[in-house]
Amino acid sequence: MKGFLINAWRYRQFILSSIQNDLRARFARNALGGIWMVLHPLAQVAVFALVLSGVFAARLGGLEGPFAYAIYLTAGTMAWTLFAELVTRGQMLFIDNGNLLKKIAFPKICLPLILSGSALVNNSALALVALAFYALVGHWPGWLVLWLVPLYAVVVAFGLGLGLLLGVLNVFIRDIGQMTPIVLQFWFWFTPIIYMTSILPAGAQPWMRFNPMFHVVEGFQAVLVFKTAPALGGLMMVAGLALGLMGLALWCLRAAGQEMADVL
Amino acid sequence: MSALLVVNGLGKAYRQYSSEWQRVLGWLGLRRKPAAEHWVINDVSFALAPGEVVGIIGHNGAGKSTLLKMITGTLHPSAGEVHRHGRIGAILELGLGFHPELTGRANARHALGLMGFSGEEIEQALPQVEAFAEIGEYFEQPVRVYSSGMQMRLAFAVVTAFRPDLLIVDEALSVGDAYFQQKCFERIRSFRKAGSGLLFVSHDLNAVKLLCDRVLVMDHGRCVFQGEAEPAAVFYNQLIARLSEDAAAAMAPDTGFGTGEARIVRGWLEGELGNPGPFAAGERVDACLELQCDTATPLQTTVGILVRDRFGQDIYGVNTEYLGNVLELQPGQQQTVRFALNLNLGPGKYTLTAALHSQDHHLEACYHWADALLSFEVAGFRGPRFVGLAGLGAHFSVDAAAEQAASLIYAERIEN
């Protein structure tokens with residue numbers, strides 16, 4: 001663990017310039033550049049809001065107004081987009097960088113750090129736009145907004161832990177790369193992002209607690225939609241799970257590091 | 001001084017498992033036996049001292065690149081160990097994993113970061129990288145518009161921006177043009193003077209001979225020869241010759257034409273050490289031909305050889321008639337003849353054609369004409385270096401008495 005940290009510090013310049021280059025390369029030759037970063041998730045929010053606001057608006061307990069559903073939807077999307085980006089890019093992390101790993105000896109720990117940095121930059125743009133939207137429609141959460149810091153930390157830890165573990169395994173077992181998007185698809189619909197838990201049949205509701213993302217999304221919604229502090233119990237559990245995953249992923253990374261370049 | 005690099009009993013195996021999950025279980029401490037092991041490098045040991053240049057030669061797939069990857073640390077050895085002292089700068093394959101959409105400058109900055117330098121050091125080095133690469137305004141353009149030569153220029157400039165203790169170059173230099181190659185060699189030489197070591201992989205035997213103090217010959221993942229450049233090159237060529245055992249048939253002239261009264265059965269070249277090539281310019285080389293006469297009576301014949309360069313230009317031809325010899329072949333007997341040559345040819349690739357005919361001219365009655373019977377390479381020099389195809393054996397002297405007179409005459413002419 002200590003070795004990982006020392007290496008990461010020694011290569012800080014590389015990590016920073018990689019995050020920068022990542023963004024620059026993604027939007028090179030795009031006229032709108034970084035605006036696309038925000039447009040993608042906003043488009044998703046807009047689609048769901050247009051189609052579904054009539055269906056769900058009435059069920060948002062205590063929340064009224066023309067933007068109620070959009071507010072609810074945006075809160076969940078903020079958490080999910082970051083999580084999904086970390087998992088999707090995480091599982092391809094070593095394969096996509098195979099060329100680099102085969103040519104230059106550098107600490108592999110740099111790669112997940114670059115990933116989390118670049119994903120955070122992407123998503124903070126979305127978060128800023130979303131918060132501006134809340135302020136505009138008069139739904140600013142006030143000081144509660146600071147809860148977003150620990151909430152984001154939990155999402156990053158969980159998404160990175162899972163993404164990194166899948167990334168290491170995917171180098172050797174490529175089926176994982178095919179499977180992940182399907183699982184994420186199901187996962188998205190089994191998490192109350194576009195709907196509320198209350199619309200589920202009573203028998204199904206307790207099972208939701210076994211979905212870690214349920215607690216995370218609920219936390220975002222508590223702060224941004226209902227302007228209350230998030231329920232800590234569930235979040236602590238997810239944080240613990242995230243740390244466990246992260247430890248397992250780092251263990252695998254250290255063990256697999258020797259063989260990784262062989263099969264890339 | 002202690003060695004920059006010590007490689008001890010290094011081996012690399014690619015392991016296959018019956019299921020990849022077995023491999024995963026292996027990480028968690030449950031060691032499983034791999035289903036198959038494929039050893040690509042076996043027991044390679046050598047050391048490299050500061051200021052030393054070690055070359056690695058071998059045919060494609062001999063394990064050179066795998067060996068270098070283990071030395072730089074991108075691959076993990078399966079057996080043995082690598083001890084590195086100091087910083088390694090390496091150009092493996094081509095380029096440094098440059099990002100095609102980013103400019104040369106951004107890529108250079110990025111690659112230097114990847115080598116572990118701080119932002120400050122990088123900003124200091126960039127102007128120097130730009131100057132060395134000499135790619136002009138392309139430095140500010142995305143790498144995707146670069147030619148492979150330009151990418152190589154940038155890669156070399158980046159890797160050598162700071163003097164590494166050990167520089168590893170894997171065939172990359174062959175992409176550059178002659179001017180840039182010169183420049184690279186110049187920089188390598190200056191690094192060497194400052195105490196850097198160099199590990200150099202190339203197919204260019206000339207460059208290897210010029211540069212290397214010691215050469216490793218790799219074959220099938222083993223180091224089959226380790227020693228000075230000249231004998232290593234000879235060893236390597238013998239290896240190649242063995243590789244093309246079928247090509248032994250090519251040495252027997254089934255190509256060619258002639259009336260067939262007598263035949264050239266085979267031919268070979270022998271250098272001073274009995275080596276089949278490559279030869280150094282100025283080396284004594286014997287061109288040997290084994291001849292067979294198929295007539296019932298003894299046959300008077302002229303035998304000749306002709307050396308051509310790679311463009312097919314005649315460089316030197318001679319026959320027994322010119323040399324004032326007469327050769328009589330006995331019926332049904334094989335005879336070996338030998339032309340001792342002073343091979344004072346410039347470095348390059350040549351062929352040797354041999355012919356048997358009745359008179360001094362092969363159009364009279366040509367028994368056998370074997371076109372390009374042998375090919376050989378001249379690499380390196382015995383004696384002073386020169387450029388061009390022919391070594392004319394120049395000697396230089398200053399004629400003290402005549403010098404003044406000559407310059408006087410010259411001065412007078414100018415005045416007139």
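Okay, let's start where the two chains meet: 27 residues from chain A and 27 residues from chain B make up the contact. By contact I mean that the C-beta atoms of two residues, placed from the backbone, lie within 7 Å.

Quick housekeeping. This is a predicted model, where local features need pLDDT of at least 70, side-chain atom pairs count only at pLDDT 80 or more, and totals for chains, interfaces and linings use all residues. Residues are numbered from 1 along each chain as its sequence is written, while chains are lettered from A and ligands numbered from 1 in the order in which they are written.

H2(A) gives the most, with seven residues. By class, that side of chain A has 16 nonpolar, six polar and five charged residues. Nonpolar is Ala, Val, Leu, Ile, Met, Phe, Trp, Tyr, Cys and Pro; charged is Asp, Glu, Lys and Arg; the others, Gly among them, are polar.

Nine residues from domain 1 of chain B and eight residues from domain 2 of chain B form the contact. On the domain 1 side, H7 (205-211) and H8 (229-243) of chain B give two or more residues, and H8(B) gives the most, with six residues.

Key:
Helix = DSSP H or I, 4+ residues; strand = E, 2+ residues; numbered from the N terminus.
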